Amino acid sequence: MHNNSVLIRARVRRFLSERVSPAVYRTSAPLSVSAWEVPDEPVPFAEAVDQEFVPFAVGQSWGKPWGTTWFHVTGVVPAQWADFDALETRTELLVDLGFLSGQPGFQAEGLVFDPEGDILKAIEPLNNYVPLTVGPGGTIDVYIEAASNPDVGSDWAFQPTAVGDKATAGTDPIYRLRRLDVALLDLEVWNLDRDVWTLFGLMEELGEDLPRTAEILRALEQVTDRMDPDDISGTAGVGRGILAPVLAQPAYASAHRIVAVGHAHIDSAWLWPVRETIRKCARTFSNVLHLMDEDPDFIFACSSAQQYSWMKQHYPQLFERIRERAVEGRFVPVGGMWVESDTNMPGGEALARQLLAGKTFFMREFGIEPLEVWLPDSFGYTAALPQIVTAAGSKYFLTQKISWNETNVMPHHTFSWEGIDGTQVFTHFPPVDTYNSVLSGQELARAQRQYNEKGASNVSLVPFGFGDGGGGPTREMLAAAERTRSLEGSPTVRIATPLAFFEEAERSYPTPPVWSGELYLEFHRGTYTSQANTKAGNRRSEHLLREAELWATTANVRSGAVYPYDRLTAVWETVLLNQFHDILPGTSIAWVHQVAEAAHAAVAVELEDVISHSIAALAGPDGGDPVSFNASPFAVAGVPALSAAPVADAEPASAEPLGGGFTLENGVVRAVIDDRGLLTSLVDVATGREAIPEGARGNVLQLFRDTPTQWDAWDLDEHYQRNGTELVEADSVELVSNGSGSATVRVRRSFGSSTVSQEISLAPRQSSLDIVTTVDWHERQKLLKLAFPLDVHTDRAASEIQFGHVYRPTHANTSWDSARFETCAHRWVFVGEPGFGVVVANDSTYGHDITRRTRDGGGTTTTVRESLLRAPTFPDPTADQGVHTLRTSIGLSPDVLGAVDEGYRINLPLREASGSALEPLIVSENPSIVIEAVKLAEDRSGDIIVRLYEARGSRTTGAVRFGLATGSVIETDLLERAVSPDAVQSEDGTGVRLALRAFQIVTLRVSRSAGAQLQP
């Protein structure tokens, strides 16, 4: 037989696209349309229907960017359609809002209501029908809330665009209504279309030498031969009859098993604002609920308690339908987090609260506790996460994003992921390499081909449904799942819950391999730096929340002040939302970041009010002695941890001129600032040890070209290092007085279109030099770093992460080391030798790189650089423009615990008040046991929750004392539920003695004795 398979394939493709697919609808008829354009922001149905609608015609333009137009659609189903067999056809509303060629979720969308305001279904690209229950002669009357969302960049050309900011997006219409018809779906033709699509997709993935490939090819050829191209509807049964035996061939016994989970990865904000995400959720969920009504086997998993909460607030009827299906087990809450957050930059307590808030919502609303943490799209995963996941009562973890690695391929798809404390969590990394599958033959084959656990396990998960901008699964995807349930040549497909998958995977793979440490994404490294204001707002909010909870709890215990539960809950929900993995990383449109920055500003106002009222209750009447409130878990300036006391007296730091520069000294360290404002010396006065290499200079601002190959706001490419300039020339260097006992040098510089002012200060008794850098930044596609070369010999650097730190190599021995050229750290990084080290701390910076080189003549220089600012032009062309103030400190410490202390100090400045000294509510007698959070229990019982962790990275013991009469002290999980004692060794009524492993997180629930009970 001659091999003419290429021609047959081409013939089948054309037959499908030109004959079968256009015949899916037998006939259609136009409907009458009127419209009302909402003047500004969206309005609810009840308000819209009372407006004056004007006639509107198909072909007319509509919709300014980010606008809303309500269409009122009326008409009658043609009476002559009664001639068609009702079992073979279905009447539907067909809508084309003017859909673009880009992907669903990135353009116009609509939500369809009946005249009573009940939601029927959504209209999306590739899902543009609404089933109608009226028959021939019946009346059609619906409203469509159409959103004219612009396509910000789904072509991924990464070009600057003005449409991401409502103020610059314009007002001209961007869509043209193409179709609004009542149409008759031909069920047999539709099913034929799905049969051909499934088999053709499978055939394309099979080897040419397989008999199965030829069998499918010849069957498809027969379909094109025997069907009448002029009567597709009348001969569709013939085509389906030819394909039926081919579709009936069962899968190989050894076929890869796929658990397909309905899914819609809805970014809580990204190339659209949060307000549009709320509507996207309603559209997607209405589609999902419609499919559940049609298919009793369909299961859909959705993460993010925030999105459910929005539905409860804005679409209560839809939420009740969701609740009904959730209780039924088909609309499945997963993840257990408030949002699918970034995990690199949120603080430890914030990640704990993501799970506390998320799980609490799901248990309260649905009686369901998700056991999986579901983060398919976040940009890398902190090594602290396995312990946090487990401490929240979860058992499993899923991610997809690591498949985006530029350099190295993850060796496992199912594995145990081990965190910094040794905790392991069963993890799956779907080999299908997408969280937006359509269950195509190509995707299913890829999942089977790439699965790395073959021979040990044989099951993987595939999330299917249009995502990012929502949309979710479609009936076409469900048809694909049904046809591949057991199909020769294909993996088997079974729709089930994520939990069902994990339980099956765990049974089949009881001893999976272990991956230890962070899941570093070798991509999107610029997300540690982009949109500095959003990051600064997040860091400040986290620390204000720590202060607010600490002082409100202390005020409640000491004076009976009312604890502001509701206010704190609302603030936490705002902060958690803005840690979403496209907000905090700085990868959204301008509108999103404007809203985030305003939210952080409002959070600051709210929390400052909570803090001031609590401190007022604690300090007593005005007119007392000056005292300072210290929220750090370490003493600061003589003020004990978590207490209030006068700042200890100390000799002021001195400043002496030296060769056009200055020497600053306070008896602990001595620093030399030269005539260009550069740090040429930093000496430990007690030992004489110098931290700056001879001839080197610290506090060097470096400006680099920053033009990523793609993904501008996301990526920092390695080639940036090849084009940089050191900004060493100063406009002025002068000594200034600040009246605080500190010695301060002010340095001013200018470059390009920007200016920089730095205040370099040495405070009394302090072992670190504070540098406040204020940049009026007006560069484009540039990266600003701050560099410190250090005379420290080390092959690794410690970087703070949540509840601990990780060590990363400073060399590039392997491809894994080399790819980690930009990393994330929280409040500090530390490089050290035995007995001596240098800490570089910050108050809002996350991106760092730390490298080493051998000096001429011997010796090693380790260079620490902070990434201060970027200026990407997509998706926000104005990203980071304006004034930024960033705080850095460089100090000396014999070990990493000094770095922990310094990180808290720079982020938790003392608060001045007048009143009496205040004893701490909680005292840790071992500096390695760090108190991270003090709050009242979520159940409003008045019990005190204390969260602490081991910070040095070693096993330790120590006592924690309570400044109140206690009833009982029990260990809990992050949800404040009692767990078996692990860390508590003994209790004596005044405190507990703990034994902690390295980096262990412990949550204590402290009840008050009967005599100490006050109003919670």
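# Close-up views of a predicted model

Figure 1. The expected span of a helix is 1.5 Å times one less than its number of residues. Helices (H or I, at least four residues) and strands (E, at least two) are DSSP runs, numbered from the N terminus. This is a predicted model, in which local features need pLDDT of at least 70 and side-chain atom pairs count only at pLDDT 80 or more, while totals for chains, interfaces and linings use all residues. Residues are numbered from 1 along each chain as its sequence is written, and side-chain values use heavy atoms, with hydrogens and water left out. In α15, Y565, L568, V571, W572, V575, L576 and L577 are buried. Buried means under 20% relative accessible area, exposed means over 50%, and partly exposed lies in between (1.4 Å probe, protein chains only). The partners against which the buried residues of α15 pack include α6 (274-294), α14 and β46 (929-936).

**Figure 2. Helix α14 is largely enclosed by the rest of the structure.** Helix α14 has 28 residues (532-559). From first C-alpha to last, α14 reaches 39 Å, close to the 40 Å expected at 1.5 Å a residue. Of the 28 residues of α14, 23 are buried, so the rest of the structure largely encloses this helix. G560 follows α14 and has a positive phi, near 80 degrees.

**Figure 3. The largest nonpolar core has 214 residues.** A nonpolar core is a set of buried Ala, Val, Leu, Ile, Met, Phe, Trp, Tyr and Cys residues joined through side-chain atoms within 4.5 Å. Within the largest core, the residues with the most contacts are W70, F285, M311, F331, F629 and L1004. Helix α16 provides the largest share of this core, 10 residues. Another core, of 47 residues, lies apart from it and has V669, I771, L786 and L886 among its members. In soluble globular proteins, nonpolar side chains tend to be buried together.

**Figure 4. The contacts of F331 include F285 and C302.** Contact means heavy atoms within 4.5 Å. Not counting residues up to four places away in sequence, F331 touches F285, V288, L289, M292, F300, C302, Y308, I322, R325 and A326.

**Figure 5. C281 is too far from C302 for a bond.** A disulfide is a pair of cysteine sulfur atoms within 2.5 Å, and a search of the whole structure finds zero disulfides. The closest cysteine sulfur to that of C281 belongs to C302, 6.7 Å away, which is too far for a bond. C281 is buried at 0% relative accessibility, and C824 also counts as buried, at 4%.

**Figure 6. Strand β18 pairs with β19 and β22.** Two strands pair if DSSP finds at least two bridges between them. Four of the five residues of β18 (414-418) are buried, and the strand is mostly covered. Five bridges join β18 to β19 (residues 424-428) in an antiparallel pairing, in which W417 has V425 as its bridge partner. In the hairpin of β18 and β19, five residues lie between the strands, and G422 takes a positive phi near 100 degrees. Strand β22 (residues 514-516) runs parallel to β18 and is joined to it by three bridges; the partner of S416 there is V514.

**Figure 7. Six strands form an open sheet.** The strand order is β30-β29-β35-β42-β41-β38, with antiparallel pairing. At the edges stand β30 (724-727) and β38 (823-824), each with a single partner strand, so one side of each has no neighbour in the sheet. Two bridges join β38 to the antiparallel strand β41 (residues 847-854), where H848 is the bridge partner of T823.

**Figure 8. S1007 is buried in the model.** S1007 lies in strand β52 (residues 1001-1008) and has a relative accessible area of 14%. Its side chain reaches the backbone nitrogen of S968 at 2.7 Å, within the limit for a polar contact (a pair of N or O atoms within 3.5 Å; within protein, one must be able to donate a hydrogen and the other to accept it, and residues adjacent in sequence count only if both atoms are side-chain atoms). Residues up to four places away in sequence aside, S1007 touches D943, T966, G967 and S968.
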